[in-house]
Amino acid sequence: MTFDSMAIGAGPRATAREDADTRLDTRTLQQLDSAHFLHPFTDHGALGAKGARVIVRGDGIHVWDSDGHKIIDGMSGLWCVNVGYGRTSITQAVARQMDVLPFYNSFFNTTNVPAVKLAEKLAGLAPPGFEHVFFTSSGSEANDTALRMVWRYWQLMDQPERRIVISRRNAYHGSTVAGASLGGMAAMHAQGALPIPGIDHIEQPNFAEHGRGLSEAEFGLLAADWLERKVLELGPDKVAAFIGEPVQGAGGVIIPPQTYWPQIQRICDKYGILLISDEVICGFGRLGTWFGCERMGMRPDLIPFAKGVTSGYVPLGGVLVGERVARALVERGGDFNHGFTYSGHPVACAAALENLRIIEDEKLVERVARETGPHLKAAFARLANHPLVGHAEAIGMAAGLNLVRRKGATVHDCEPFARDLAVGMVCRQHMFDNGVIMRAVGDRMIVAPPLVMTGAQIDEMVERIRLCLDLTLVDVQRRGWLD
Ligand SMILES: *Cc1c(COP(=O)(O)O)cnc(C)c1O
C-alpha cells in the first residue's frame with residue numbers, strides 16, 4: 001500500500017501537500033530508514049532485518065502507520081502527548097509565533113514574550129515557593145542543568161565539598177553524560193565510563209522485588225532508610241542532593257509505597273540535602289496533580305520537567321527552581337555560566353502556553369484525579385486475574401503489569417519467566433499487531449496513555465490488552481515456555 005492510497009482513508013486533515021511529501025511506500029521508507037537513521041536505544045542489526053514501523057499521522061488517542069493500521073497510543077508518544085494528537089490550536093499558536101519571531105536568544109540581557117509568559121505561568125502552576133524557571137530543550141538537559149545548579153549552590157553556600165548526588169538504580173534521568181550518570185540504568189553505564197565521579201546509587205523502592213515479608217508501608221520506610229544509610233556511609237557533609245522520579249517511568253512504572261517519599265523528605269531535611277524531583281513524566285497531570293511531588297508528599301528544591309509541558313508538539317524542558325536555591329543563585333550568585341542556544345525558545349514556549357491552556361480549560365488534571373485515573377486503576381486491577389499476570393497496578397494515567405510463568409498467592413510468590421526469553425517483547429509485538437501500543441520493560445508491560453483518554457476508551461484499550469495477553473499465552477505455550 002502506498003501513502004497515496006492511504007491518504008484516501010486518512011480523514012479531512014490529509015491535504016494534497018501532505019500527499020506529495022510522503023509519496024514513498026512502506027518498504028522504501030524502511031530501507032532508507034535502515035540505511036541512514038540511527039534510532040535511540042535500538043539494535044540496528046535487528047531493526048534493519050525487520051524494518052521500522054512508519055507512523056504517519058495521529059488524531060486524539062490514535063496513531064496510524066503507513067499500512068493504514070489505526071493504533072491506540074497507550075504510551076502518549078513517549079510519555080508526552082498528554083493532550084492527544086491533532087490539536088490544531090497548538091499548531092496555530094506555533095505557526096503564529098514562527099511568523100512573528102521564530103527565534104531570538106535570551107543570553108545577552110534579551111528576552112521574548114512567550115518565554116516571559118510561560119515562566120510566569122509555570123510559577124503559578126508549580127507548588128508554593130517556585131518562582132523561577134530555567135529553560136532547556138529536553139529532559140536530559142534539564143537534569144544536566146539541575147546538577148550544575150546543585151554544585152553551584154553548594155559552592156555559594158561555602159560548602160563546595162558537598163558534591164555527591166545520590167540517585168536510585170533503574171532510575172531514568174536522560175541520556176546525556178550527566179543524565180545517564182544520574183540515571184541508574186545498568187545497560188547504559190555498561191557501555192563505558194559512566195556514571196561520572198560523584199554520583200552514587202541506592203536500590204529502588206520496588207516492593208515486588210525487595211519487599212518480601214513486609215507490608216507496603218513498612219517497605220516504604222525501609223527503602224527510604226537506604227538513603228540515610230548511604231548518606232552516613234559517604235558522610236553527610238559530602239552529599240549535595242538526592243534525585244528521584246516521584247514514580248519511576250522508564251524503569252517500569254514503579255510506584256513507591258505512600259510512606260516512601262515523606263520519609264525521604266525527612267532524611268533530606270535532617271542532613272540539609274537538596275531534593276530533586278525529576279518530573280519529566282510526572283509533571284503536568286500524569287498522576288492527577290500538576291506535579292508528582294504533590295501527589296507523593298514531598299517538597300523538592302528543584303523540579304526538572306519536559307515532555308508533557310508541550311505535549312511533545314515542540315521540544316521543551318526546564319528546571320523549576322525553589323526558594324532555597326533561587327535565593328543563592330539569583331540574589332547573590334552573579335553569573336551562572338550555563339545555558340543553551342534554545343533556552344526559552346519562543347516557538348516552544350508558545351506551544352507550551354497553548355498546551356497548558358488546554359490542560360486547564362479541559363480540566364485534565366482533575367479528570368485524571370477523579371475519573372480516568374481511578375477508572376484505569378480498576379481496569380488494570382481486573383487484568384490481574386489473567387493467567388499470565390502476576391500483579392497489575394496503576395497510579396493516575398500510568399499503569400503496569402508483570403508477566404509471570406506461574407502465579408503466586410502474593411507478588412513475591414510468582415515465578416518469573418527466564419530473562420533471556422524476553423517474553424515482554426513477544427507480548428509487545430502482539431499488542432502492536434492488534435492495535436494497541438504498550439511498552440515492555442523486561443517482563444513488565446506498561447502504559448501511560450494521553451490524559452484525554454475517556455473511560456470508554458480506557459475500557460476499549462484494556463479489552464485489547466486482555467485479548468493480546470490471551471494471544472501471548474497461546475504463543476508462549478506453543479513455544480514450550482510454560483512446561
Ligand atoms: C524522558 C525522561 C528524561 C529525559 O528526557 P529527554 O527529553 O529524553 O532528554 C529525563 N527524566 C525522566 C524521568 C524521563 O522520563
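A residue is called buried under 20% relative accessible area, exposed over 50%, and partly exposed in between, with a 1.4 Å probe and protein chains only. The structure is a predicted model, in which local features need pLDDT of at least 70 and side-chain atom pairs count only at pLDDT 80 or more, whereas totals for chains, interfaces and linings use all residues. Residues are numbered from 1 along each chain as its sequence is written, and side-chain values use heavy atoms, with hydrogens and water left out.

**Exercise 1. Backbone geometry**

Task: Locate Asn109 and state whether Asn109 is buried or exposed.

Solution. Step 1: Asn109 is found in the loop between helix 6 (88-100) and helix 7 (113-125); helices (H or I, at least four residues) and strands (E, at least two) are DSSP runs, numbered from the N terminus. Step 2: its phi is positive, about 55°, although Asn109 is not a glycine. Step 3: most residues other than glycine have a negative phi, and most peptide bonds are trans. Step 4: Asn109 counts as exposed because its relative accessibility is 82%.

Task: Identify where Asn170 and Pro195 lie.

Solution. Step 1: Asn170 belongs to the loop between strand 5 (164-168) and helix 9 (177-182). Asn170, also not a glycine, has a positive phi of about 70°. Step 2: Pro195 is placed in the loop between helix 10 (186-189) and strand 6 (199-202). The peptide bond from Leu194 to Pro195 is cis, with omega near 0°.

**Exercise 2. The ligand and its shell**

Task: Describe the residues that surround the ligand and the polar contacts to the ligand.

Solution. Step 1: the surrounding residues (a heavy atom within 4 Å of the molecule) are Ser138, Gly139, Ser140, Asn143, Tyr172, His173, Gly174, Glu245, Asp278, Val280, Ile281 and Lys307. Step 2: this shell divides into three nonpolar, six polar and three charged residues. Here Ala, Val, Leu, Ile, Met, Phe, Trp, Tyr, Cys and Pro count as nonpolar, Asp, Glu, Lys and Arg as charged, and the others, Gly among them, as polar.

Step 3: a polar contact is a pair of N or O atoms within 3.5 Å; within protein, one must be able to donate a hydrogen and the other to accept it, and residues adjacent in sequence count only if both atoms are side-chain atoms. A polar backbone atom of Gly139 is 2.9 Å from an oxygen atom of the ligand. A nitrogen atom of the ligand is 2.8 Å from an N or O atom in the side chain of Asp278. For Lys307, a polar side-chain atom lies 2.7 Å from an oxygen atom of the ligand. Step 4: taken alone the ligand exposes 380 Å², of which the protein buries 83%; accessible areas come from the Shrake-Rupley method with a 1.4 Å probe, and for residues only the protein chains shown count as cover.

**Exercise 3. His173**

Task: Characterise the surroundings of His173.

Solution. Step 1: His173 is in the loop between strand 5 and helix 9. Step 2: its relative accessibility is 2%, so His173 counts as buried. Step 3: the side chains of His173 and Asp278 are joined by a polar contact of 2.7 Å. Step 4: leaving aside neighbours within four places in sequence, the contacts of His173 (heavy atoms within 4.5 Å) include Gly139, Asn143, Ser167, Leu182 and Glu245.
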